[in-house]
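Here are my notes on this one, jotted down as numbered points. Have the coordinates open while you go through them.

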Amino acid sequence: MANSRNLLTCLLLCLIVPAHAQHFSLSRLFYPNLTLKADYNVPASLDGTREYGVSRTGFFGIIPLQSEVQLGYSLRKKFDLRAVHTVAIAQYTQIQPTFDGKNDPANGYKTLSLGVIRLQASIKDRLWVYGGGLGMTESNETFFSPQPFFWGGAARMHILGLRTQFMYGSVLAYNQKLRFIPVFGVNKGLGKHWRVSALLPFMVNANYKATKWFNVDFLAGLSGYSGGFQVQTPEEKALRRENYRQIKTGVAANVHLFSVLNVSVEAGVTTFRQLRTFNSARENLTSYTPATTPYIGASVRYITSRSRLSSRFTRRMGLGEGGINW
């Protein structure tokens, strides 16, 4: 799946920390790595009198927990061969909104999250993906009185040859309110150089593999943040919540260097933007639609280790070609 966006990782990112400029391929889920990332939205009109901008920096890590093949025996006296692969996904992101060039909140929002994804393939149950996680996005003033978010879900994956996979499932997520979200994903190779993938309703991606070390993504996806902050009034310190959503469309150039580094540079526009604030009773206080604006992003990913089991997973599933497929 040559650098097309990871159906499973996008599910995690879009629900837990939907603030990524960078993209992920499905084979990356099987290799421990550390990613440093940054993106910047050019300030644009908020309401005709002010300008709103936002930038993000942070890191993202995949930590292996379990990779093994298990032999089971059911009550019906039938053997079942099962392979499992479990990883933890940890992330820290600094989000900095600006109004007329001034930081607000002064120190921005900090997002901390931790999730677990498990891939299970067996003769009896075929291929399933399970996941769950929790986190929080807060300013310095509300960091010790946070409103956490969490998610959990499962999806069934089908593999149709080496060039086509699709999945369907559902996710239960909580971020100020409980949501049940059905999801459908597809990953399809088209010819020798092209691959198209989607995780609906979150993202669509088309990848062009020019060489073994260089490829290009054409992408569109939903992202944003929901962070807590504090307002000082003469009577009290009031807690508030700021929600921001956007749709990103762009192009990313990706270079694989020295067998362990992947460098990505991305540019495009953000549109269909919405910025709202709420009080502690979840009542809507303000609502804005910032103008469409350009954005740029970059990431550097370091592969910390590889394993034979990981390579077998990706090759058998048609997700990698003899190892890591970026």
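**Notes on the model**

1. Let me begin with a charged pair: glutamate 266 and lysine 248 make a salt bridge, with 3.8 Å between the closest N and O atoms. (A salt bridge here is a side-chain nitrogen of Lys or Arg within 4 Å of a carboxyl oxygen of Asp or Glu.) The two residues come from distant parts of the chain, glutamate 266 from strand β14 (residues 261-279) and lysine 248 from strand β13, 18 residues apart. Both glutamate 266 and lysine 248 are buried, where buried means under 20% relative accessible area, exposed means over 50%, and partly exposed is in between (1.4 Å probe, protein chains only).

2. Some ground rules. This is a predicted model, in which local features need pLDDT of at least 70 and side-chain atom pairs count only at pLDDT 80 or more, while totals for chains, interfaces and linings use all residues. Residues are numbered from 1 along each chain as its sequence is written, and side-chain values use heavy atoms, with hydrogens and water left out. Strands are DSSP runs of E with at least two residues, helices are runs of H or I with at least four, and both are numbered from the N terminus.

3. How many salt bridges does a search of the whole structure find? The search gives four. One of them joins arginine 241 to glutamate 138, with the closest N and O atoms 2.9 Å apart. That pair also links distant parts of the chain: arginine 241 belongs to strand β13 (residues 237-257) and glutamate 138 to strand β6, 103 residues apart. Arginine 241 is buried at 1% relative accessibility, and glutamate 138 likewise counts as buried at 1%.

4. Then there is arginine 56, whose side chain meets that of aspartate 39 in a salt bridge (3.3 Å, N to O). Again distant parts of the chain are linked, since arginine 56 is in strand β2 and aspartate 39 in strand β1 (residues 33-45), 17 residues apart. The relative accessible area is 4% for arginine 56, which is buried, and 7% for aspartate 39, also buried.

5. On to the strand pairing (two strands pair if DSSP finds at least two bridges between them). Strand β5 (residues 109-122) runs antiparallel to strand β6 (residues 126-138), with 13 bridges between them. Within that pairing, isoleucine 117 has glycine 131 of β6 as its bridge partner. On to β7 (residues 149-159): nine bridges join this strand to β6, also in the antiparallel sense. There, leucine 134 sits opposite phenylalanine 150 of β7.

6. Which residues make up the largest nonpolar core? This core has 11 residues: Phe60, Ile62, Val87, Ile89, Ile117, Leu119, Leu127, Val129, Ala155, Met157 and Met167. At least two of its residues come from each of β2 (51-73), β3 (79-99), β5, β6 and β7. Another core, of 10 residues, lies apart from it and includes Leu46, Val54, Ile95 and Phe99. (A nonpolar core is a set of buried Ala, Val, Leu, Ile, Met, Phe, Trp, Tyr and Cys residues joined through side-chain atoms within 4.5 Å.) As background, side chains in a regular strand alternate between the two faces of the sheet.

7. Take a look at glutamine 96, in strand β3. Is this residue buried or exposed? Glutamine 96 is buried, at 13% relative accessible area. A polar atom of its side chain lies 3.0 Å from the backbone oxygen of proline 105, and the side chain of glutamine 96 also reaches the backbone nitrogen of glycine 108 at 3.2 Å. Leaving out residues up to four places away in sequence, glutamine 96 touches Gly53, Val54, Ser55, Asn103, Asp104, Pro105, Ala106, Asn107 and Gly108 (contact means heavy atoms within 4.5 Å).

8. Last, the rings. A search of the whole structure finds 13 aromatic pairs. (Rings of Phe, Tyr and Trp, the last by its six-membered ring, pair if their centres lie within 6.5 Å; planes under 30 degrees apart are stacked, over 60 edge-to-face, and the rest tilted.) Phenylalanine 166 and phenylalanine 184 form a tilted pair, 6.4 Å centre to centre with 35° between the planes. Phenylalanine 166 is partly exposed at 23% relative accessible area, as is phenylalanine 184 at 39%. Elsewhere, ring pairs link Tyr52, Phe99, Tyr109, Tyr225 and Tyr244 into a cluster.

How values were computed
Polar contact = N/O pair within 3.5 Å; in protein donor to acceptor, adjacent residues only side chain to side chain.
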